[in-house]
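Hi,

Here's the structure I said I'd send over. Have a look first, and my notes follow below.

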Amino acid sequence: MSDRTIDRVASATPPPVARKIRGLSDRAIAWIFVAPTIFLLLAINIFPLIWTIRLSFTNYKANRIGREVKEIGFRNYERILTDSDIWLNMQATAHFLIWTIFFQVLIGFTLAWLINKKFKGNDLWTTIIVLPMMLSPAVVGNFWKFLYQPQIGLFNYIIAFFTGKEPSSFEMLGQVNLAPWSIVIVDTWMWTPFVMLICLAGLRSIPDYIYEAAEIDRASKLRQFFTITIPMVLPFLMLAVLFRGIENFKMFDLVVQLTGGGPGSTTELTSINLKREAFEKWRTGYASAYAIILFVTVFGLASIYVKALNKVKER
Amino acid sequence: MSYSKLATVSAIALAATGVASTAQAEDLTLCWAAWDPANALVELSKDFEAQSGHNMNFEFVPWPNFADRMLNELNSGGKLCDLLIGDSQWIGGGAENGHYVKLNDFFDNEGISMDDFAPATVYAYSTWPKGTPNYYALPAMGDANGWFYRKDWFGREDIQAAYKEATGQDLREPQSQKELLQIAQFFQEREIDGKTVYGAAIFTERGSEGITMGATGALYAWGFKYENEPGSYDMEGAVNSAEAVEALEFYKELYQTATPPGYTNSYMGESLDAFKSGQVAMAMNWFAFFPGLYADPATGGDKIDFFVNPPQNIAASTLGGQGISVVSYSDKQDAALEYIKWFAQPDVQAKWWELGGYSAHNSVLQDPGFVASQPFAGDFLEAMDGVQDFWQEPAYAELLLAMQKRVHDYVVADQGTAQEALDKLIEDWTEVFEDEGKL
């Protein structure tokens with residue numbers, strides 16, 4: 001019996017159908033199998049992307065069906081890239097992105113390192129630590145809003161207890177200097193467990209014999225940490241950073257619940273601004289250009305990062 | 001007649017009756033915001049159901065999501081709503097984008113006259129282009145932004161004496177915006193009955209329309225204008241006039257010196273909560289909530305009184321309220337128009353006011369007993385005499401969100417000056433009108 005895929009498929013197929021497909025090549029049958037997926041991909045991803053690119057060069061507004069749609073070239077792109085308010089949104093996003101990743105990696109790795117030590121109640125602590133990431137961002141946003149409430153919020157009272165300040169003397173969500181940190185704190189609380197789990201997987205993938213060999217060579221614990229643990233966990237850490245980076249670049253729900261982008265526009269991340277342009281102001285052409293700029297930014301940064309990640313893995 | 005013939009005739013008659021009643025009875029859906037007056041409308045509409053045989057369904061959406069939800073519905077040509085009580089600023093978009101049915105012919109045929117309604121409400125809720133006799137809605141719910149205060153605190157001798165000592169003046173309902181600020185500052189962080197209270201609950205919400213509706217209360221009172229000449233879109237010197245700058249600075253001072261802690265993103269609900277929990281001496285909110293506030297067992301009755309937005313350079317209030325429109329995508333337009341015809345009747349309007357809705361019908365407003373009918377009725381009439389509304393252009397959402405950003409940036413986030421905020425607002429609005437081809 002032939003080993004050809006088509007023959008194997010034909011033998012498992014009712015005779016009338018088998019007769020029809022027996023003449024097809026392996027390549028053709030492979031195309032038949034992947035065609036629905038490719039069609040779906042084209043329909044749900046590629047076509048909207050191409051359509052968005054096209055709209056980005058127009059003044060189209062989705063809520064004004066009868067309005068004449070004009071080709072305006074790169075006007076939308078020019079407007080966006082020269083708008084100082086949008087650069088402020090970009091800065092707010094960068095602040096959020098950098099600090100959340102920094103804290104999540106730092107705390108996540110530390111927790112993973114501690115959890116990796118064998119101790120009593122290890123599993124229980126792991127379960128407790130991962131609880132926040134199982135909650136809905138809308139729920140987390142709402143209850144942190146209560147925690148941050150200056151008059152009754154637990155957070156303010158805890159800070160007041162340690163600093164001696166009046167609990168109502170500062171407003172985490174209402175002060176320009178504190179609001180960007182308030183969203184960093186909540187995102188860190190929620191997503192550090194995710195980074196911890198990835199780091200934990202990395203730590204547990206390091207074979208014990210490497211440490212045993214290092215012990216025989218009389219390497220100190222600190223040296224073992226920097227020459228074995230960190231390099232071997234690094235690809236995992238970088239993966240966690242990639243996931244969190246992409247997620248936080250498009251962060252929306254949590255921040256909308258917490259601050260709504262305020263006070264003023266202090267925590268108005270690009271995704272919040274984009275949503276306002278697209279679905280509140282209905283500047284569809286403009287919002288399309290905005291989305292393309294964000295897409296190119298994320299795609300470009302992610303590609304560079306993935307190349308770096310692959311290099312680290314190859315080492 | 002034989003039994004068989006009789007049976008046949010009876011069957012045909014029964015079937016005909018059935019067909020007739022099926023054709024007449026419709027399931028109508030009325031969309032509005034989820035708030036106190038909506039409950040009153042449900043109660044009122046029971047009479048319509050009884051009289052018409054139609055069945056009324058209601059889709060009420062909380063205010064912060066109301067515009068988003070309903071405008072998406074209209075823009076997508078949705079058939080969810082047969083009748084829509086849409087915000088006054090939507091009238092331009094509703095008319096120009098073909099969302100609302102033009103009602104002129106219907107009004108003429110049914111003898112419904114716009115002269116029977118308060119002129120300010122007809123102008124604001126029904127007409128597009130503004131002030132022309134092109135009607136896209138029937139005034140349904142008159143409303144304006146007003147104020148209420150703790151009458152019991154204002155009446156206490158110890159508090160009156162303390163106020164006199166602090167300011168040299170008598171404590172009374174504020175007669176000007178500056179007096180309102182002075183009173184609010186007096187109450188800020190004052191101990192009353194062992195509890196720290198605050199001056200005033202004002203609108204500072206960023207996401208939808210809150211801070212604009214609050215700040216315009218001050219801006220209008222200082223004489224703010226959107227344009228130098230109506231319809232000219234010439235905003236330089238009007239939007240950023242010296243009076244407008246002073247008014248915006250005033251609103252920021254009110255926010256910074258006389259509101260409860262954490263009051264950075266507050267609108268109707270937060271204002272009601274702050275007042276009902278005994279946190280503030282005064283609060284701003286829409287007249288629509290006043291019946292509920294007066295009926296509140298803890299802070300209503302003798303403990304509350306109401307006043308119209310105080311004047312500064314002129315007497316003016318921010319317009320609220322809505323007109324009722326027939327959605328052009330509805331398949332049940334005849335039944336929907338029937339509802340509007342029923343709703344426009346003077347006796348229905350009288351009951352509407354009785355139940356807690358704010359009728360705009362002259363027969364109700366000009367009734368000799370109207371002012372005495374509720375403790376806030378006189379203030380409502382006074383407010384409606386001087387109401388001003390935001391832009392009602394089809395691009396109103398863009399115009400509104402620009403103002404939300406500029407005012408919140410300045411008032412709450414403390415960024416830049418009032419002059420800069422208003423100058424930037426003109427830039428934003430100019431860009432919108434240029435896109436619209438109006439400049």
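How many residues does the contact take from chain A, and how many from chain B? This is a predicted model, so keep that in mind throughout. The contact uses 24 residues of chain A and 21 residues of chain B. On the chain A side that touches chain B, twelve residues are polar, six are nonpolar and six are charged.

Chain A itself is assigned domain 1 (5–55) and domain 2 (76–314). Going by C-alpha atoms, the centres of domain 1 of chain A and domain 2 of chain A are 40 Å apart.

Now the cores. The largest nonpolar core has 142 residues, and the ones touching the most other members are Leu83(B), Ala184(B), Ala200(B), Ala247(B), Leu248(B) and Ala283(B). Helix 19 of chain B supplies its largest share, ten residues. Both domain 1 (25–143 + 320–388) and domain 2 (145–318 + 395–435) of chain B put at least three residues into this core. If you skip neighbours within four places in sequence, Ala184(B) contacts Gly199(B), Ala200(B), Leu254(B), Ala258(B), Ala281(B) and Met282(B). There's also a second, separate core of 37 residues, including Leu97(A), Leu111(A), Leu173(A) and Val233(A).

Back to helix 19 (residues 396–411) of chain B: helix 10 (residues 210–221) of chain B packs with it at about 70°, the axes being 8 Å apart. That angle makes the two helices of chain B roughly perpendicular. Helix 10 of chain B brings Ile211(B), Thr212(B) and Ala215(B) to the contact, while helix 19 of chain B brings residues including Leu400(B), Met403(B) and Val407(B). By class, this helix contact has six nonpolar residues, three polar and no charged ones.

Cheers

Key. Residues numbered from 1 in each chain as written. Chains lettered and ligands numbered in written order. Predicted model: local features only at pLDDT ≥ 70, side-chain atom pairs only at ≥ 80, totals over all residues. Axes fitted to C-alpha atoms, helices over the stretch in contact; angles between N-to-C directions. Helix = DSSP H or I, 4+ residues; strand = E, 2+ residues; numbered from the N terminus. Parallel < 35°, antiparallel > 145°, perpendicular 65-115°, else oblique. Contact = placed C-beta atoms within 7 Å. Nonpolar A, V, L, I, M, F, W, Y, C, P; charged D, E, K, R; others polar. Domains from an automatic or database assignment. Core = buried A, V, L, I, M, F, W, Y, C linked by C-beta atoms within 7 Å. Buried ≥ 20, exposed ≤ 12 C-beta atoms within 10 Å, placed from the backbone.
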